[in-house]
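Dear colleague,

Please find below the structure that I am handing over to you.

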Amino acid sequence: GKIEAIIGKEVEVLYLRGITLYTDGKHAEAIESWKKVLELEPKHEKAGMNIDKAKRMIEGVTKTK
């Protein structure tokens, strides 16, 4: 219905924002954005996978220093 459509749009916006942040190297902010995606749509597999990927990037950066 209507509510689902609104949530779907919100999910899309948050997901794409996460991609943009991630691309800009803002991994922590990207994770926050994707966590909001999962709050609205827990079955969003790509958001979950991207969170894991971003976390690994952060850990990788921390390890090399």
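Of the 65 residues in the protein chain, 26% are buried (under 20% relative accessible area; exposed is over 50% and partly exposed in between, with a 1.4 Å probe and protein chains only). The model is predicted, so local features need pLDDT of at least 70 and side-chain atom pairs count only at pLDDT 80 or more, while totals for chains, interfaces and linings use all residues. Residues are numbered from 1 along each chain as its sequence is written, and side-chain values use heavy atoms, with hydrogens and water left out.

The protein chain has three helices and zero strands, where helices (H or I, at least four residues) and strands (E, at least two) are DSSP runs numbered from the N terminus. Its C-alpha atoms fill a box of roughly 50 × 20 × 15 Å along the principal axes.

Helix α1 deserves a description of its own. The expected span of a helix is 1.5 Å times one less than its number of residues; for the 22 residues of α1 this gives 32 Å, in agreement with the 32 Å between its end C-alpha atoms. Buried in α1 are Val 11, Leu 14, Tyr 15, Gly 18, Leu 21 and Tyr 22. They lie on the same side of α1, because they cover an arc of only 125 degrees around the axis (the arc of the directions from the helix axis to the C-beta atoms). Lys 2, Ala 5, Ile 6 and Thr 23 are exposed on the other side of α1. Just after this helix, Gly 25 has a positive phi of about 85 degrees.

The largest nonpolar core holds twelve residues, among them Val 11, Ile 31, Val 37 and Ile 51. Such a core is a set of buried Ala, Val, Leu, Ile, Met, Phe, Trp, Tyr and Cys residues joined through side-chain atoms within 4.5 Å. Two or more residues each come from α1 (2–23), α2 (27–40) and α3 (45–64), and α1 gives the most, with five.

There are two aromatic pairs (rings of Phe, Tyr and Trp, the last by its six-membered ring, with centres within 6.5 Å; planes under 30 degrees apart are stacked, over 60 edge-to-face and the rest tilted). Tyr 15 and Trp 34 form a tilted pair, 6.5 Å centre to centre with 40 degrees between the planes. Tyr 15 lies in α1 and Trp 34 in α2, so this pair ties together parts 19 residues apart in sequence. Tyr 22 and Trp 34 form a tilted pair at 5.9 Å and 45 degrees. Tyr 15, Tyr 22 and Trp 34 form one aromatic cluster.

Yours sincerely
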